[in-house]
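This report walks through one protein chain, taking up selected parts of its fold in turn. Please keep the sequence and the coordinates at hand while reading.

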Amino acid sequence: MESKPVEISSSKMFEGYNKRYKHFSPTLGCSMTFSIFFPPSQSSSHKFPVLYWLSGLTCTDENFIIKSGAQRAASHEGIALIAPDTSPRGLNVDGEADSWDFGVGAGFYLNATQEKWKNWRMYDYVVKELPQILSENFPALDTSRASISGHSMGGHGALTIYLKNLDKYKSVSAFAPIANPTNCPWGQKAFTNYLGENKAEWEEYDATHLVAKVHDLSATILIDQGEDDKFLHDQLLPSNFAEACKKVNAPLLLRLQPGYDHSYFFIATFIDDHISHHAQAVNL
């Protein structure tokens, strides 16, 4: 099967291009799609820094590209946007599509340890396989200058991946992240099924636990959270993460935005600030 990415669509936007690719992933054991926004380039030798965007429950690689409007700021700042899918697809594991918050579209950016879900290795796909594919196939991308962001489940993914790989990413931000998954229903359901009952393994994918172990954070963590988000108090728990950051003096800018919900209307409103946050970091 073809592991080299094949272009399946291309659309011009803000003088750059949204391009979508398909490839076979050895990490996940199935075909995967990802999207890239390439900013306009003045020279064939120019290399763009990259911002990985991790999407939330039920999403594909297309939601962010279609709904966020991030391309305007990315085009202006000269930063490429990389949007992977949210889980393996087409494996036909029994029960994989029974609920919207687990299985297909709900990979939680971890490496599953339970046999039934052994292909759910989105952590390795995002951290290892995808950057290698990009560096080997897209000379216009400079994957050594990378930052990471995401929404909801993807905000959880961005925070945990960043905190476990400070050498790989220059900065992190999140919209309405699942900030303390070991203490919320979404996280407990996913972790029980993917990781089993060992709570110590759960903490390896919980930003609130991980930040307590990190003592050399220099880049500010940016989080935007809508105050009218219906998931704020039972699923997202950003105040727990803020408290953990405070204890270790981790630099956090948590912005509570009055009247905003959990949707892409909220993301589109504040995405320019996040693009600017990352552009500054990758260009230092």
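## A buried aspartate and its surroundings

Asp61 is found in the loop between S4 and helix H1 (62-67). The model is a predicted one, and in it Asp61 counts as buried because its relative accessibility is 0%, where the cut-off for burial is under 20%. Leaving aside neighbours within four places in sequence, Asp61 is in contact with Arg20, Thr33, Phe34, Ser35, Ala83, Pro84 and Asp85.

| Side chain | Partner side chain | Polar contact |
|---|---|---|
| Asp61 | Thr33 | 2.8 Å |
| Asp61 | Ser35 | 2.7 Å |

The loop between S4 and H1 also holds Thr58, which has a positive phi of about 75° although it is not a glycine. A positive phi likewise occurs at Asn249, where the value is near 55° and the residue is again other than glycine. As background, most residues other than glycine have a negative phi. Asn249 lies in the loop between helix H9 (238-247) and S9, and Asn249 counts as exposed because its relative accessible area is 69%, with the cut-off for exposure set at over 50%.

In S5, 5 of the 5 residues are buried, so the strand is largely enclosed by the rest of the structure. Ala80, Ile82 and Pro84 point one way from S5, whereas Leu81 and Ala83 point the other way, and all of them are buried.

S5 pairs with S3 in the antiparallel sense through 4 bridges, and within S5 the bridge partner of Phe34 is Pro84. S4 and S5, by contrast, run parallel and are joined by 3 bridges, with Leu51 standing opposite Leu81 in S5.

Where does helix H3 bend? Helix H3, which spans residues 122-137, bends by about 35° at Glu129, and a proline, Pro131, follows within four residues. The buried residues of H3 are Met122, Tyr123, Asp124, Tyr125, Val126, Val127, Glu129, Leu130, Pro131, Ile133 and Leu134, a list that takes in both the residue at the bend and the proline after it.

In soluble globular proteins, nonpolar side chains tend to be buried together.

Gly150 is placed in strand S6, and Gly150 is buried, with a relative accessible area of 0%. Once residues up to four places away in sequence are set aside, Gly150 touches Trp53, Leu54, Gly155, Ala158, Ser173, Ala174 and Phe175. Gly150 and Ile221 are 71 residues apart in sequence, yet their C-alpha atoms are 12 Å apart in space.

An open sheet of 3 strands has the order S7-S8-S9, with parallel pairing. Strand S7 (173-175) and strand S9 (252-257) stand at the edges, each with a single partner strand, so one side of each is left without a neighbour in the sheet. Neighbouring strands of this sheet are turned against each other by 10° on average, direction ignored. Strand S8, residues 221-226, pairs with S9 in the parallel sense over 6 bridges, and Gln225 stands opposite Leu256 in S9. Helix H10, residues 264-282, packs on the sheet and touches S7, S8 and S9, while its direction makes about 180° with that of S7.

Note on methods: Residues numbered from 1 in each chain as written. Predicted model: local features only at pLDDT ≥ 70, side-chain atom pairs only at ≥ 80, totals over all residues. Heavy atoms only, no water. Bend = angle between axes of the 7 residues up to and from the residue. Helix = DSSP H or I, 4+ residues; strand = E, 2+ residues; numbered from the N terminus. Buried < 20%, exposed > 50% of the residue type's maximum accessible area, 1.4 Å probe, protein only. Contact = heavy atoms within 4.5 Å. Pairing = 2+ DSSP bridges. Axes fitted to C-alpha atoms, helices over the stretch in contact; angles between N-to-C directions. Polar contact = N/O pair within 3.5 Å; in protein donor to acceptor, adjacent residues only side chain to side chain.
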